[in-house]
Amino acid sequence: MTLKQLNRFLAKLGKFQENTKCSISNSDRVKAEMHNYTKDNENEPIVLMKGINCRFGNLIANQNVTFDLKKGEIHALLGENGAGKTTLMSILYGLYQPESGEIYVRGKDVAIKSSLDAINLGISMVHQHFLLTPPHTVIENIIVGLKSTKGIFLDTSNAEKKILELSQKYGLKIDPKATVGNLSVGEQQRVEIIKALYRDIDILILDEPTGMLTPKEVQTLFEVLRSMVNQGISIIFITHKLREVIEVSNRITVLRNGKVIGTLKTSDTSEDELARMMIGRAIVDHQFNQGSTSKITPTILEIKDVSALNNSNILFLKDICLDLRKGEILGIAGVDGNGQSELAEVIAGLRKVKNGQISLDGRSIVSLSPRQIREGGIAYVPEDRLHTGLILEYTIVENMVLDRWYTKPYCNKLFLNESEMRKFAEKVIKDFDIKTTGLNAPVRSMSGGNLQKIILGRELSRNAKVLIAHNPTRGLDIGATEFVHKQLIKQRENGVGVMLLSLDLEEILAISDRIAVIYAGRIMAIVEKETANVDRIGLLMGGKAMSTIDPL
Amino acid sequence: MSGGLAFVVVAIILVLSGVNPVIAYEVMLKGAFGSIRGIADTLVKTTSLILVGLAVVVAFKCRVWSIGAEGQLYMGALGGTLIGISIIGSVPVLGVVAMVAAGFVFGGSFGLIPAALKVKLGINETIVTVLLNFVVFLFIAYLLHGPLKDPNTVFNPYSPIIFPQSQLPIVLPHTRLHAGIIIAALATVAVYILLSKTKIGFEIKSVGENIKAARYAGMNVAKSSFITMGISGGLAGITGAVLVSGVQHLLIEGLSPGYGFIAVIIALLSRNNPFGVAIAAFFFAALMSGSEVMYRTLGIPSSFATTLQALVLVFVLIGELFAHLQIRKTEDAV
């Protein structure tokens, strides 16, 4: 049985379960209720969550949270990672059960025991990571789990009609017959939204919907959200991005450490105020750049016409030419999967160079081993901190010496010197203010920010000439992000050439001196900080050649 | 402990076969521990199981899934025998030391073959090690029927007896308990130190825990695979040499009753802890010598013992699976 057949089978199985669980009369009743409700209670909240408490072990995820959604509004749920946003919405969507608290939907006290209950109440959720099967078409992905009007056969023609209607109604451009695996991230998100709307819901939860989109795609998404709201759909928008909140929402609820800090009207607040509420203090603005690019420093790392294969042995990096100067941050902007990982790995010696030359301080490093390249002066903060940067089963001490255990003073000829290893770890823990769970505990249980600090502490203490940092702040909260940025800037000030590969364009714009845009394994353009502009970089990230873009 | 369930299941099978399980287990227990000779026999088996168990632990620590300990054991036995019947074997002390060393070299270099195939050509080491076992069995059979056959026997495919100077001394008079148990104890401590205190051990463990992170940190994955398989094969080889030097005093085809395979179970049960290996090895040795007595006195086939061994593994693995799921569940919730 091929994978495709298996998936088809599973789809049918899902449909069968749906048939057995949910009767039509039930959903008709809810629809009638929806209708009555809109007539009677125009100003009542459509969703009211009262006094929600939820905890996992010792961790309090939600503490006495009260949240309300009005009909036809975009309500942003703002907070750092771990503030309890997703937990709260997972409760509303029936994925978790709260310890205590009440939920009212359209004024009625409800118990939402599963996502099926939620959908029957007209609530749907689009997750951060899409739940689509790539080999299937858009239609198949959308109708998975629904009752077919044609018995055991799939009713694709009616489904297509309905999908096109929805697509037109809300401006969600999509080709129903396309295979999901061939769609861009933005298009896949549209499929997820249509999948929700297809189930006749009028309350939509979006979990970090802009995380993987280009600036252009974000704008398209916001237009769609506005048109949905205009047609009576209420939206909850989970995010930690202040700018987006201000741009798209009507009201904002800020969560911190599982508690509601406040609910405000967007028109009455500012980014500064929200940031203070979100992290409990003001953010230091990124004004680090003055005067740094005024003098041109010598090149430290030169990449010339480099090509390399990707993991599927397809030529992916094509003729990359870049030069990294001493004391600068070179930002590499691009949408995920356009060759950033390959580029970083090629420099670090973890991926073979097919053609071309890479030289560090004038010396070729193409044929050197990863260890020789590290010893030559390249430090590397990898993109996957959990599985590449660290060994999660190891203690913080072992992780700290992962790259230097074989050198003095951490060992003699045969044996490791544990007290020197500890001493070094303790120093980095202090310098980088790492919150540990103990020197002898595996690092697995530490938070993302602290794990990243271990890697940074290790890599920066190498006193390297070049630092490659790949998505160094992905998934970190504002405080930890700020810390990482400060460290990168400190490296630049010490004359290190820093290459920052990041999916977060704002981050690149904030701290880079020059910005290179990577698309489909090629460098599209390198722009100076002064001439950089979000729209232009956005177009380059989408693959528009420099020459076709109007200058500013 | 979930392993105890295995005894319950086997008890049910015994009842179904018309045997009183209480008596069967009692005989087994008495056989393994009821007399000095019984205990000595159990310890002799423990010696082999510890050594070969450690061999598998070293491989598993580096996530090299080697099932080739049995073949490496025989190669080591061959190396030991060649020394034991040579002129070196007639020198006191040196004979024994040289036999053990030859066992290490023969087993270790044989272990390098799957390592080379894995590193250079990317061939799965599990398949290679399993198949190489058969190559060794046939090679040993050929030698024992041909060039290495004792010229003084006509029918038996035995090698000549090794010089008495290269035979491990008996440490408990009137039993079969030989000085190999000391070698096993030393090896346990040595493997513990190797894995937790030395540079080589750190590299082996890192490659085993997370090959991506090891490569990223600048470790040489190919080199650690070679070192791992060299040490692992070497320990298995020592097992074979000790079996010849301490128990059989000559090379025969049935030298090991599958120690190299039981070692895999022991390694899994010990969670790759050298001291855990010693405990698990003792348990399995008791099971083996107990079931021999059970067979002799009650006529219960020794396949019951094999069943028991397999079921212990199955239940322990199921127990771990559930524990793992429990952890995953709580982690997902956070």
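A nonpolar core is a set of buried Ala, Val, Leu, Ile, Met, Phe, Trp, Tyr and Cys residues joined through C-beta atoms within 7 Å. In this structure, which is a predicted model, the largest nonpolar core has 180 residues, and the members that touch the most others are Ile468(A), Ala55(B), Ala263(B) and Ile266(B). The element that gives the most to this core is helix H3 of chain B, residues 36–61, with 14 residues. To see what touching looks like for one of these members, take Ile266(B), which, when residues up to four places away in sequence are not counted, touches Leu49(B), Gly53(B), Val277(B), Ala280(B), Ala281(B) and Phe284(B). There is also a second, separate core of 66 residues, and it includes Val138(A), Leu204(A), Met228(A) and Ile235(A).

With the cores in view, we can turn to chain B as a whole. How does the radius of gyration of chain B agree with that of a compact globule, and what are the values? For 334 residues a compact globule would have a radius of gyration near 20 Å, and because chain B has 21 Å, the two agree. Along its principal axes, the C-alpha trace of chain B spans about 70 × 55 × 30 Å. Of the 334 residues of chain B, 49% count as buried, and among contacts between residues at least 6 apart in sequence, 77% join residues at least 24 apart.

Chain A is divided into domain 1, residues 3–279, and domain 2, which is made of residues 299–394 together with 467–548. Where these domains meet, the contact takes nine residues from domain 1 of chain A and eleven residues from domain 2 of chain A. On the side of domain 1 that touches domain 2, helix H8 (215–230) and helix H10 (271–279) of chain A each supply at least two residues, and by class this side has four nonpolar, three polar and two charged residues.

The two chains also meet each other, with 23 residues of chain A in contact with 16 residues of chain B. Helix H12 (370–376) and helix H13 (385–389) of chain A each supply at least two residues of the side of chain A that touches chain B. Sorted by class, that side of chain A has 15 nonpolar, four polar and four charged residues.

Finally, some details of the backbone of chain A deserve a careful look. Most residues other than glycine have a negative phi, and most peptide bonds are trans. Against this background, the peptide bond from Lys408(A) to Pro409(A) is cis, with omega near 0°, and Pro409(A) is found in the loop between helix H14 (396–400) and helix H15 (418–431) of chain A. Asn64(A), a residue other than glycine, has a positive phi near 50°, and its place is in strand E2 of chain A, residues 59–70. Asn64(A) counts as partly exposed because it has 14 C-beta neighbours inside 10 Å, and a residue would need 20 or more to be buried, or 12 or fewer to be exposed. Glu208(A), although it is not a glycine, has a positive phi of about 45°, and this residue is found in the loop between strand E7 (203–207) and H8 of chain A. With 18 other C-beta atoms within 10 Å, Glu208(A) is therefore partly exposed.

Technical notes
Residues numbered from 1 in each chain as written. Chains lettered and ligands numbered in written order. Predicted model: local features only at pLDDT ≥ 70, side-chain atom pairs only at ≥ 80, totals over all residues. Domains from an automatic or database assignment. Contact = placed C-beta atoms within 7 Å. Helix = DSSP H or I, 4+ residues; strand = E, 2+ residues; numbered from the N terminus. Nonpolar A, V, L, I, M, F, W, Y, C, P; charged D, E, K, R; others polar. Rg over C-alpha atoms; globule rule 2.2 N^0.38 Å.
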